[in-house]
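Hi,

Please find the structure below. My notes on it follow, grouped by topic.

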Amino acid sequence: MGALVKNFSSFEIKSFDEQTRTFKGTASTANPDRVKDIMVPSGVEYILPTPLLLHHEAKLVVGQVTKITVQQDQIDVEFSLPEIKEAGVLKDRVDEAYQSIQYKLITGLSVGFNADWSHAEMLKGGGIKFNKWELLELSLVTTPCNREAGIEYSKAFEAHKAALGEKPQTVPDG
């Protein structure tokens, strides 16, 4: 395995549990990203829990990936952001990440990984096909490279607010 590589992917919030601050979504797909790279889902190796970072900053841990489901064409994940009770830098950072997802300010996920270059292929027209790779971390990012997954944040949050009897808040589409 080689040096840390980053690959950006949009993610779709498939469900959200405010009690546990847990999200389910799609982290990566088998389709070429904006730089023509392909992350083969079946080639991923990982250990749970996997750190959830903010913008690939190792010092900005905001949660954990607790479940990974590898399918032929995509990798689905479940991740959670803890609710920090004590005031301080950690609480501020995790709350910022949580609110950034809630208000669609952060709309992407990115994998930080080690490539197994002995199983990588150069693609015609550019790009690399990563057939084997080790997931080291997953990050919340603002600019995803993979355009395949749709973004549906507001539905999960608004449905929860409606269930609590709260008035839905309109968040402009980006």
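**Overall layout**

Reading from the N terminus, the elements of the protein chain follow the order β-β-β-β-β-β-β-β-α-β-β-β-β-α. That gives two helices and twelve strands. Both kinds of element are DSSP runs numbered from the N terminus: helices are H or I with at least four residues, strands are E with at least two.

This is a predicted model, in which local features need pLDDT of at least 70 and side-chain atom pairs count only at pLDDT 80 or more, while totals for chains, interfaces and linings use all residues. Residues are numbered from 1 along each chain as its sequence is written, and side-chain values use heavy atoms, with hydrogens and water left out.

The protein chain has 174 residues, and 46% of them count as buried. Buried means under 20% relative accessible area, exposed means over 50%, and partly exposed lies in between (1.4 Å probe, protein chains only). The accessible surface of the protein chain is about 9300 Å². Carbon and sulfur atoms hold 51% of that surface. Areas come from the Shrake-Rupley method with a 1.4 Å probe; for residues, only the protein chains shown count as cover.

Now contacts, meaning heavy atoms within 4.5 Å. Take those in the protein chain with a separation of 6 or more: 69% link residues 24 or more positions apart.

**The nonpolar core**

The largest nonpolar core has 29 residues. Such a core is a set of buried Ala, Val, Leu, Ile, Met, Phe, Trp, Tyr and Cys residues joined through side-chain atoms within 4.5 Å. V77, F79, L81, W133, L138 and L140 touch the most other members. At least two core residues come from each of β3, β6, β7 (57-70), β8 (74-80), α1, β9, β11 and β12 (133-141). In soluble globular proteins, nonpolar side chains tend to be buried together.

L81 has contacts beyond four places in sequence, among them T20, R21, F23, L52 and V62. On the helix α1 side of the story, L90 sits in that helix, which spans residues 89-102. L90 is partly exposed, because its relative accessibility is 41%. Leaving out residues up to four places away in sequence, L90 touches V61 and I84. L90 and V61 are 29 residues apart along the chain, and their C-alpha atoms are separated by 8.8 Å.

Strands pair if DSSP finds at least two bridges between them. β10 and β11 (residues 128-130) run antiparallel and are joined by three bridges. A120 has F130 in β11 as its bridge partner.

**Backbone points to check by eye**

Most residues other than glycine have a negative phi, and most peptide bonds are trans. Here are the exceptions I noted.

- R21 is not a glycine, yet its phi is positive at about 55°. R21 lies in the loop between β2 (13-17) and β3 (22-29). R21 is buried, with 7% relative accessible area.
- K104, also not a glycine, has a positive phi of about 60°. K104 is in the loop between α1 and β9 (108-115). K104 counts as buried because its relative accessibility is 19%.
- L48 and P49 are joined by a cis peptide bond, with omega about -5°. P49 is in the loop between β5 (44-45) and β6 (50-54).

Best wishes
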